[in-house]
Amino acid sequence: MEAVESFIKENQLSFIYVLMESWSVCHGLLPQVEDILKEYPRIKIGVVDAANVPEIAGYLMAFTVPVLVLYLDGKEILREARMVHLERFQEQIDKIYHAI
């Protein structure tokens, strides 16, 4: 858990993707999200398996997966969970990224 907290604090734009190894939806979405985020090199990506780090659910108040959270200077500025609409997600990321 400390690694997640440090990752968020050490990167101006940090993105956390929470998945469950056993859920195929999480694995299908991750490569699509990574492809989108390649267009934004200042966003650093961290992937957390909730099965290996169960306290992540309480830390992020995330009780479903996948959960996608973007932080700016340690503060949450975007959250998507469960059903993620990729086009809208990319529009939101783009708007945030170019406003900084």
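Tutor: Helices (H or I, at least four residues) and strands (E, at least two) are DSSP runs, numbered from the N terminus. The model is predicted: local features need pLDDT of at least 70, side-chain atom pairs count only at pLDDT 80 or more, and totals for chains, interfaces and linings use all residues. Residues are numbered from 1 along each chain as its sequence is written, and side-chain values use heavy atoms, with hydrogens and water left out.

Student: Where is Arg82 found?

Tutor: Arg82 is in the loop between S4 and helix H4 (86–99). Its phi is near 60°, a positive value in a residue other than glycine.

Student: Is Arg82 buried or exposed?

Tutor: Buried means under 20% relative accessible area, exposed over 50%, and partly exposed in between, with a 1.4 Å probe and protein chains only. Arg82 has a relative accessible area of 55%, so Arg82 is exposed.

Student: What is phi of Asp73?

Tutor: Phi of Asp73 is near 50°, a positive value in a residue other than glycine. Asp73 sits in the loop between S3 and strand S4 (75–81), and is exposed at 53% relative accessible area.

Student: Which peptide bond is cis?

Tutor: The bond from Val65 to Pro66 is cis, with omega near -5°. Pro66 belongs to the loop between helix H3 (56–60) and strand S3 (67–72).

Student: How far from Asp49 is the nearest side chain of opposite charge?

Tutor: For charge, Lys and Arg count as positive and Asp and Glu as negative; His and the chain ends are not counted. A salt bridge is a side-chain nitrogen of Lys or Arg within 4 Å of a carboxyl oxygen of Asp or Glu. Asp49 is buried yet has no salt bridge, and the nearest side chain of opposite charge, Arg79, is 16 Å away. Asp49 lies in strand S2 (residues 43–49). A polar atom of the Asp49 side chain is 2.9 Å from the backbone nitrogen of Ala51.

Student: How is a pair of aromatic rings described?

Tutor: By the distance of the centres and the angle of the planes. Rings of Phe, Tyr and Trp (its six-membered ring) pair if their centres lie within 6.5 Å; planes under 30 degrees apart count as stacked, over 60 as edge-to-face and the rest as tilted. The structure holds two aromatic pairs. One of them, Tyr40 with Tyr97, is edge-to-face, at 4.9 Å centre to centre and 65° between the planes. Tyr40 lies in the loop between helix H2 (24–37) and S2 and Tyr97 in helix H4, so the pair ties together parts 57 residues apart in sequence. Both Tyr40 and Tyr97 are buried.

Technical notes
Polar contact = N/O pair within 3.5 Å; in protein donor to acceptor, adjacent residues only side chain to side chain.
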